[in-house]
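Me: Please take a close look at the aromatic pairs here. How do the rings sit, and what surrounds them?

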Amino acid sequence: MRNAETVLSVIRDRGNRGLPLDDVYRQLFNPNLYLLAYSRIYKNNGAMTQGVTSETVDGMSIKKIEKLIEDIRYERFRWTPVRRINIPKKNGKTRPLGIPTWNDKLVQEVIRLILEAYYDPQFSNNSHGFRQERGCHTALTVIDRTWQGTKWFIEGDIRGCFDNIDQKILMSILREKIQDNRFLRLIETLLTAGYCEQWRYHSTLSGTPQGSIVSPILANIYLDKLDNFVEQTVIPEYTRGKCRAENREYSRLVKLAWYSCGATKRARMQIK
């Protein structure tokens with residue numbers, strides 16, 4: 001059984017070369033991926049928070065991982081609806097947050113590791129959200145070093161982004177490069193697992209689960225289409241030429257400064 005880093009490096013290499021990802025469901029049988037996933041999430045504050053069951057990270061063992069892998073191998077694994085609570089926001093409104101069960105969190109982290117290894121090398125270099133070694137500060141650094149002459153920026157916000165992702169479009173995007181129906185079906189059933197609020201079940205017909213470990217990477221995969229459209233269609237269409245248009249007033253001042261400097265030098269030569 002190959003170690004987790006070897007598996008992810010092979011998947012990452014396929015992503016770098018733009019090759020399709022096939023036979024990936026079989027990687028979910030590798031216990032080393034679950035041990036890596038466990039090392040990533042067991043320290044989180046939510047690891048001891050209960051979902052719709054009383055199960056938490058407490059009492060985790062190799063036997064539980066083996067049982068989980070067996071259920072996945074024979075496709076007996078079923079996602080549990082998340083427990084939804086509403087978190088107060090500064091503006092007085094609330095934000096819904098889903099709390100999965102511990103088993104679901106562990107499997108989601110394994111899926112996230114696989115998706116991130118494959119898709120991250122293919123994302124736009126201008127994308128900074130929910131990516132390793134990237135974030136607000138790297139985005140601001142690029143702005144500071146690249147857009148020094150910019151006078152204004154347009155700030156956009158996608159309202160309820162995770163809630164409004166079209167599941168059919170998302171699955172069609174995943175099918176473009178992932179050629180493993182069992183793996184795709186596992187993600188699709190996650191999207192439609194639903195949630196429980198006040199112990200009442202609600203179905204999820206759109207969006208990705210709030211609070212889900214895989215929601216950020218799925219959102220990045222979904223929005224990568226927008227990045228490509230802007231970079232390959234919008235910018236070439238609305239950006240003409242290889243340099244900025246000449247500012248006549250600026251050019252006039254530059255020429256005036258050059259003339260004044262030349263006149264000063266000539267005057268000094270005459271004095272000597």
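Reply: Buried means under 20% relative accessible area, exposed over 50%, and partly exposed in between (1.4 Å probe, protein chains only). This is a predicted model: local features need pLDDT of at least 70, side-chain atom pairs need 80 or more, and totals for chains, interfaces and linings use all residues. Numbering starts from 1 along each chain as its sequence is written, and side-chain values use heavy atoms, without hydrogens or water.

The structure holds 7 aromatic pairs (Phe, Tyr or six-membered Trp rings with centres within 6.5 Å; planes under 30 degrees apart are stacked, over 60 edge-to-face, the rest tilted). One of them joins Tyr38 and Tyr42, stacked at 5.1 Å centre to centre, with 15 degrees between the planes. Tyr38 counts as partly exposed because its relative accessibility is 27%. Tyr42 is also partly exposed, at 40%. Tyr118 and Tyr119 pair edge-to-face: 5.0 Å between centres, 85 degrees between planes. Tyr118 is buried, at 0%. Tyr119 has 5% relative accessibility, so Tyr119 counts as buried. Ring pairs also link Tyr38, Tyr42 and Trp102 into a cluster.

Now the core. The largest nonpolar core has 56 residues (buried Ala, Val, Leu, Ile, Met, Phe, Trp, Tyr and Cys joined through side-chain atoms within 4.5 Å). Tyr34, Leu174 and Phe183 have the most contacts inside this core. Helices that each supply at least two of its residues include H2 (31-41) and H4 (102-119) (helices are DSSP runs of H or I, at least four residues, numbered from the N terminus). H4 gives the largest share, 11 residues. Beyond four places in sequence, Tyr34 is in contact (heavy atoms within 4.5 Å) with residues including Leu28, Ile65, Leu106 and Val110.
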